[in-house]
Amino acid sequence: MYRTLLLLCLGPLWAWGQSDTTLVIKAIAGMQYDLPRIQVKPGSRVTLILENYDDMAHNLVVTRPGARLTVVEQALKVTAEKNYVPESPLVVASTKIVIPGASEQVTFRVEEGTYSYVCTYPGHGFIMYGPLYATSKPLPPLAKDPNLAPIVKEKLGAKKEPAHAFALEYPALYRTWVPGASPAAIVVSFDGNSSYCWDAAQCRLRYAWTGGFVDNEEQWYSKGDKYSKIVGETYWKEDSLNYPLRVGSPDHIPQVRFLGYKLKDRLPTFRYLIDDIEVHETLTALPGEIGLVRRFAVVRNPSSRKIYFHASGKGSFVPTGADPAGSGLFLAQSTTFSLAVRP
Ligand SMILES: [Cu+2]
């Protein structure tokens, strides 16, 4: 089937006949391309043929040097009809969305520089990418190339493993100092790739990221004045001015008190009070995509007060067990409700 597709694709290519370089790049399982990086001559005309061997749809967008993240962020606002490709001078070339089993090609010209190829399907762009070097100079050894996607670095076994006090088994949890949270931050990684920061002082989720966990090295060797580094890219951040849970009325922000957490299958459930109501919150990874689910269980609500969730902050929410109550608010319909958080 691929052979047929490929021949069909090559038809117009021969007629064109001007590409200096033609490369087949495959989208494969695990949100990745099979080529970790590409090198072409500066000033050359390049044809990339994207073949989708995965069971999800993908595209391939070539971005100007240094522009990958900007394009990925812009793409989050673009519809599927436009193939999740922003109209931007930062985009050099792009395929349509390629469904599983199909292929699509693009031809473009590059000048000297380090471009990127990236899938801008929502959420994929933070991990599914690679550098396209238009240079005649030798490239850094693959194992030391800083521009590779994290997933590729891991696969190569070349990832500079951040120092950990013990061999990490996932899910993993640390209490440490990280940027953008109080000193009572708790960081958790589901799998070493998808991670989040929950702040025990304020009883709230602060942010979530993908592409790694934390690097504690600097923090350990400092005098307590350095943060652990977030490894990867933040895809979701909470609006720090708006505490999300509301009690009794949509704008009553409750007093919070952290009661501790318990681990089940290595994953924490955070227990805390919002006014006099005891809430347990458990976060799990969204399977097969970037994002997480926040599950709330109201275990004690002595005066049976209404509980609202204010879904503010960067990202999108899909609630379960809660009904929209206007301007970003959801009203809990029972003692359990959940919200899926996506980029
Ligand atoms: Cu993709």
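Student: How many helices and strands does the protein have?

Tutor: Helices (H or I, at least four residues) and strands (E, at least two) are DSSP runs, numbered from the N terminus. The protein has four helices and 26 strands. The model is predicted: local features need pLDDT of at least 70, side-chain atom pairs count only at pLDDT 80 or more, and totals for chains, interfaces and linings use all residues. Residue numbers start from 1 along each chain as its sequence is written.

Student: Which residues of helix α2 are buried?

Tutor: A residue is buried if 20 or more other C-beta atoms, placed from the backbone, lie within 10 Å of its own. In α2, which spans residues 68-75, these are Arg68, Val71, Val72 and Ala75. Seen down the helix axis, they fall within an arc of 100°, so they line one face of α2; the arc is that of the directions from the axis to the C-beta atoms. In general, an α-helix has 3.6 residues a turn, so residues three or four places apart point the same way.

Student: What covers the buried residues of α2?

Tutor: The cover includes β5 (61-63), β6 (91-94), β8 (113-118) and β9 (129-134).

Student: What is the order of strands in the open sheet?

Tutor: Two strands pair if DSSP finds at least two bridges between them. The five strands of this open sheet run in the order β3-β9-β8-β5-β6, with mixed pairing. β3 (38-40) and β6 are at the edges with a single partner strand each, so one side of each has no neighbour in the sheet.

Student: How many bridges join β8 to β9?

Tutor: Six bridges join these antiparallel strands. One example is valine 118, whose bridge partner in β9 is tyrosine 129.

Student: Which residues touch the most other members of the largest nonpolar core?

Tutor: A nonpolar core is a set of buried Ala, Val, Leu, Ile, Met, Phe, Trp, Tyr and Cys residues joined through C-beta atoms within 7 Å. Among the 82 residues of the largest one, Tyr117 and Tyr196 touch the most other members. Domain 1 (2-156) and domain 2 (172-342) both give residues to this core, so it lies between them; the domain bounds come from an automatic or database domain assignment.

Student: Which residues is tyrosine 117 in contact with?

Tutor: Contact means that the C-beta atoms of two residues, placed from the backbone, lie within 7 Å. Leaving aside neighbours within four places in sequence, the contacts of tyrosine 117 include Ile38, Leu48, Val62, Tyr129 and Leu132.

Methods:
Buried ≥ 20, exposed ≤ 12 C-beta atoms within 10 Å, placed from the backbone.
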